[in-house]
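Subject: A structure for you to look at

Hello,

Here is the structure I promised to pass on, with my notes below it. Could you have a look at it before we next talk?

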Amino acid sequence: MAWILAVVLFVEAFGVAALNWFLGIVADRQNMSLAGIDPDAMSVSSKVGGVVFGLYFLLCAVVALLVAVRDRAPAGLGRILLISVAVVHGLLGAFAWAMLEDNKAAFVFMVVVLGLVVLLLMTYDRLEGPSDAAPASDGPRGSDGPKDPEQPDQDPAPIVPPPAPSPS
C-alpha cells in the first residue's frame, strides 16, 4: 500500500507542477490581469507555486517510498509530512466537492489519496509494538522485580470489601 501511495504522490507532484506551469504560461501569453495585478507577477507566481507544491508532494512521495522500502512506520518529520499531506487532500477534496458540481472525479481522487495516507499511517502504527518495553513481570515482588524489605516473601491477603451498612 505504501508503494501505491508513493506512485500516486509522484504522479500528483508532476501533475500539480505541470498544471501550474501551464496556467502561468497561459496567463503570460494572454496578458491576463486580476484586480490590477501585474500579468508577469501572476505568471511567475503561478509557476513558483507549481514548483513549490510539486516539490512538497515529491517530498511526501519520498517519505511514502521510504516507508515502503524500510517496511516500518514513518517517524519525526516524515510523519508530520504525511499528516500534512492528508490534511491538504482533505481540504482539496472539500474544495473540489464545493466548486466542481458537475465533475466529482476530483473529489473522489482526493478522498482516495486521503484514505491511502491515513491507512498508511494507521497500518504501520499497528504493526509495530513497543520495542523498548521491558518484559512483563509478576509485579513489584515478581521473580525479576525488586523485593520490598518490609514485606515477607509470602503472598498478601486478598483485599476484602467492607461489610454493607446495616439498616437501623
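A word on terms before the fold: helices (H or I, at least four residues) and strands (E, at least two) are taken as DSSP runs and numbered from the N terminus. On that basis the protein has four helices and zero strands, and the order from the N terminus is α-α-α-α.

Please keep in mind that this is a predicted model, in which local features need pLDDT of at least 70 and side-chain atom pairs count only at pLDDT 80 or more, while totals for chains, interfaces and linings use all residues. Residues are numbered from 1 along each chain as its sequence is written, and side-chain values use heavy atoms, with hydrogens and water left out.

**The protein as a whole**

Of the 168 residues, 25% count as buried; here buried means under 20% relative accessible area, exposed over 50%, and partly exposed in between (1.4 Å probe, protein chains only). The accessible surface comes to about 11900 Å², with 68% of it belonging to carbon and sulfur atoms. Those areas come from the Shrake-Rupley method with a 1.4 Å probe, and for residues only the protein chains shown count as cover. As for contacts (heavy atoms within 4.5 Å), residues 24 or more positions apart account for 66% of those with a separation of 6 or more.

**The helices**

I compared helix lengths with an expected span, which is 1.5 Å times one less than the number of residues. For α1, 28 residues should span 40 Å, and its end C-alpha atoms are 40 Å apart, which agrees. The 32 residues of α2 should span 46 Å, and its end C-alpha atoms are also 46 Å apart. In α3, 23 residues reach 32 Å from the first C-alpha to the last, close to the expected 33 Å.

The buried residues of α1 are Ala 2, Leu 5, Ala 6, Val 8, Leu 9, Glu 12, Ala 13, Gly 24 and Ala 27. In α3 they are Gly 78, Leu 81, Leu 82, Val 85, Ala 86, His 89, Gly 93 and Ala 96. An α-helix has 3.6 residues a turn, so residues three or four places apart point the same way.

**Where the helices meet**

Which residues does Ser 46 contact, leaving aside its neighbours within four places in sequence? They are Asn 20, Leu 23 and Gly 24. Ser 46 lies in α2 and is buried, with a relative accessible area of 16%.

Ala 68, also in α2, counts as buried because its relative accessibility is 10%. With neighbours up to four places away set aside, Ala 68 is in contact with Ala 2 and Trp 3. The C-alpha atoms of Ala 68 and Trp 3 are separated by 5.7 Å, although the two are 65 residues apart along the chain.

Gly 15 of α1 is partly exposed at 34% relative accessible area. Its C-alpha is 7.8 Å from that of Gly 54, which is 39 residues away along the chain.

Leu 81 sits in α3 and is buried at 12% relative accessibility. Not counting residues up to four places away in sequence, Leu 81 touches Tyr 56, Leu 59, Cys 60 and Val 63. Leu 81 and Phe 57, 24 residues apart in sequence, are 9.3 Å apart from C-alpha to C-alpha.

**Two positive phi angles**

Most residues other than glycine have a negative phi, and most peptide bonds are trans. Asp 71, not a glycine, has a positive phi of about 55 degrees. Asp 71 is in the loop between α2 and α3, and at 53% relative accessibility it counts as exposed.

**The largest pocket**

A pocket here is an open set of points on a 1 Å grid over the protein atoms alone, where a 1.4 Å probe fits, with protein on both sides within 12 Å along at least five of seven lines; lining residues have an atom within 4 Å of a point. Grid points are joined across faces, edges and corners, and a volume is the space filled by probe spheres set on the points.

The largest pocket holds about 370 Å³ of space. It is lined by 15 residues, and the closest to its centre are Val 16, Leu 19, Leu 92, Phe 95 and Met 110. The elements giving two or more residues to this lining are α1 (2-29), α2 (39-70), α3 (77-99) and α4 (105-127), and α1 gives the most, with six. By class, the lining has twelve nonpolar, two polar and one charged residues, where Ala, Val, Leu, Ile, Met, Phe, Trp, Tyr, Cys and Pro count as nonpolar, Asp, Glu, Lys and Arg as charged, and the others, Gly among them, as polar.

Best wishes
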